[in-house]
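User: I have a model open and a few things to ask about it. Can we go through them one at a time?

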Amino acid sequence: MTSNEGEDMDKLPLPIRSLLSRPLTTGVTFFAVAISIMLICGIERLRLGIEKSFESTVSGTDLVVGARTSSTQLMLSIIFRMTDPKNNVSWKTYQDISRNEAVLWSIPISLGDSHQSFNVVGTSPDYFRYLRYGSERKLTLADGRPLTSGDIFSAVIGSRVAASLDYDIGTAIILSHGTGVSFQDHSKIPFEIVGILDKTGTPVDNSVHITLAGMEAIHVGWENGSPPLPGAQLTPEEIVSRSLTPKTITGFLLGLKRKMEVFRFQRVLDEFQAEPLSSILPGVALSEFWHSLGFVERSLKLISFFVLIVSLTCILAIMLASLNERRREIAVLRSVGCSMIQVFIYLVMESVALAIFGMLGGVFLLFGSMLILSPLIESNFGLALPMSGLGAFDFFVFVVVLILSIFLSIVPAFLAYRRSLADGLIVRL
C-alpha cells in the first residue's frame, strides 16, 4: 500500500477501515446480502409481472360466452387458450345473441388446431377492430395487414410466433389438427402470413389467427376428427366453392352498448333456452382466478422471507466467527481510550455499514439482471417484468434489513462489551 493510499484509508471512518482490513469475510457477507436483496426485490417484481399479465390479458370486453362449463374452464380455453374446450356453441346461437339490440360488437372464437405448438384461432375481422388488452390498448400490426372477411387461406400471427419461428410476411405455413404436438397436418392447404402483430404480453402473442372460413376450409372432408381418405382431399380451389359457414364455434366475446346492463344480459345468457351457456365478466374472473392461485403468491413471498433470513444470519455468523480473531483489535481500542459503550457502537455501525453496502450492491445486481433477463423472459414466456425504479416494497425491505442487522449485531457487540481489556492483550501460548 502506498503512502497516499494509507492516508486515504486514514480518512475513512473506523468501521469502514475495519471492514476493508478483512476483505475475504467482508466480501462474502457483502455478496450474500447483495444476492438476497436482488432475489427479494426480483421475486416481488416477478410476482407483480405475473399478476399484471393476468389482469391485462383482455380489457374492454364485457362478457365472455361459451358452452355450459365452469368459469375457470371457460377462461382458460377462450382467454388463455390453455385447455381444449369440451363443448362448442352453435353458430345460430352466436348469431342470435350477437344480433341482440343490447350488443354493440361480438368476436367469435374457434379453437382446436395448432401450428408448431402455437394455438390457431379462427375469428372474424372484428377481432382486430374491437379486442383490447392492458389499459384499453388496441391490437396493432408490426408488419402487414389484418384479416378481412374475404381471406380464407391467410393468417396473422402473434409476435412470439414470428420471433420463435423466424416467420415474415409471405411465409407459407401448414396448420395441424388438434393442439399441442400433432401428427395430423392439413398439408394440402397452406396459409400465407399477411400480418404480424406487435407484442402485447398476452396469449395473442402465441397465436396464429385465421378467419372462420379458413378454419372450416381445413376441415372440409374430415369426419369425427379423422382426415379424408387418400385421394379424397379437396384442393384449395375446390374448397373455396363450398359453403364455409361454421356450424359451431368455441365461444365469443361481447361488448355491450351500455355497461350498466352487463349483469342483466349475463342473466339472459345463463337462462338461454336454445342451448346451455356460461358467461363470465373477464375482469372479475381474472381476479378470482389469480386469488385462487394465491399459493403461488404466498410461495414467492415465503421464498423471499427465507432468503432474507439466510442473508442476515450470514452477517451474524461471520461477525461471531471473526469476533475471536478480533480480540486484540478490540483490546487495542480499549487501551487507547475507547469505552466499552464506544466499542459496542463501533461493532453495530460496522454491521450497519455492511448491510448498507450489501443493499447498494443488491440494487445494482437487480437492475443489471433485469436488463439482461427481462427480454429473455418476455420472449420465452410472454411475461413483461416492470422496469420501474425502486418502490415502496423495496424501501420497506431496506428498512427491515437495516433494523434486523442492528439487532443481530447486538449479540457479538454484547460479547465484545463483556470482555476485559486484559483478555485481548494477554498472549496465549
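User: Which helix is Asp394 found in?
Analyst: Asp394 is in helix α15, which covers residues 392-418. Keep in mind that this is a predicted model.

User: Buried or exposed, that Asp394?
Analyst: Asp394 counts as buried, because its relative accessibility is 4% and the cut-off for buried is under 20%.

User: And what does Asp394 touch?
Analyst: Leaving out residues up to four places away in sequence, Asp394 touches Cys41, Arg45 and Gly389.

User: Next, Gln73. Where is Gln73 found?
Analyst: Gln73 is found in helix α4.

User: Does Gln73 count as buried or exposed, and why?
Analyst: Gln73 counts as buried because its relative accessibility is 18%, and buried means under 20%.

User: Which residues does Gln73 touch?
Analyst: Thr83, Asp84 and Pro85, again not counting residues up to four places away in sequence.

User: Switching to cavities. How many of 30 Å³ or more?
Analyst: The count is three cavities of 30 Å³ or more. The largest cavity has a volume of about 130 Å³. Its lining has 15 residues, and those closest to the centre are Thr57, Val58, Ile79, Arg81 and Leu131.

User: Which elements supply at least two residues of that lining?
Analyst: Helix α4 (71-79) and strand β5 (132-133) each supply at least two residues to the lining of the largest cavity. That α4 is the helix in which Gln73 is found.

User: What is the lining of the largest cavity made of: nonpolar, polar, charged?
Analyst: Eleven of the lining residues are nonpolar, two are polar and two are charged.

User: Now strand β12. How many of its residues are buried?
Analyst: Five of its five residues, 207-211, are buried, so to speak a mostly covered strand. On one side are Ser207, His209 and Thr211, on the other Val208 and Ile210, and both faces are covered.

User: Which strands pair with β12, and in what sense?
Analyst: Strand β4 (residues 118-123) pairs with β12 in the parallel sense over five bridges. Strand β8 (residues 154-157) pairs with β12 in the antiparallel sense over two bridges.

User: Which residues of β12 stand opposite Gly122 and Ile157?
Analyst: Ile210 is the bridge partner of Gly122, and Val208 stands opposite Ile157.

User: What about Arg160, which helix is that in?
Analyst: Arg160 is in helix α7, residues 159-165. At 23% relative accessibility, Arg160 counts as partly exposed.

User: How far apart are the C-alpha atoms of Arg160 and Gly201?
Analyst: They are separated by 9.2 Å, although the two residues are 41 residues apart along the chain.

User: Helix α10 next. Which of its residues are buried?
Analyst: In α10 (residues 262-270), the buried ones are Val262, Phe265, Gln266 and Leu269. Seen down the helix axis, the buried residues of α10 fall within an arc of 105°, so they line one face of the helix.

User: And what covers the buried residues of α10?
Analyst: The cover includes strands β1 (63-67), β3 (103-115), β14 (251-256) and β15 (277-280), along with helix α5 (91-98).

User: Last one, the whole protein. How many helices and strands?
Analyst: The protein has 16 helices and 15 strands. Of its 429 residues, 46% count as buried. Among contacts with a separation of 6 or more, 77% are between residues 24 or more positions apart.

Key
Residues are numbered from 1 along each chain as its sequence is written. This is a predicted model: local features need pLDDT of at least 70, side-chain atom pairs count only at pLDDT 80 or more; totals for chains, interfaces and linings use all residues. Side-chain values use heavy atoms; hydrogens and water are left out. On a 1 Å grid over the protein atoms alone, a cavity is a set of points where a 1.4 Å probe fits but cannot get out, and a pocket is an open set with protein on both sides within 12 Å along at least five of seven lines; lining residues have an atom within 4 Å of a point. Grid points are joined across faces, edges and corners, and a volume is the space filled by probe spheres set on the points. Helices (H or I, at least four residues) and strands (E, at least two) are DSSP runs, numbered from the N terminus. Ala, Val, Leu, Ile, Met, Phe, Trp, Tyr, Cys and Pro count as nonpolar, Asp, Glu, Lys and Arg as charged, and the others, Gly among them, as polar. Buried means under 20% relative accessible area, exposed over 50%, partly exposed in between (1.4 Å probe, protein chains only). Contact means heavy atoms within 4.5 Å. Two strands pair if DSSP finds at least two bridges between them. The arc is that of the directions from the helix axis to the C-beta atoms.
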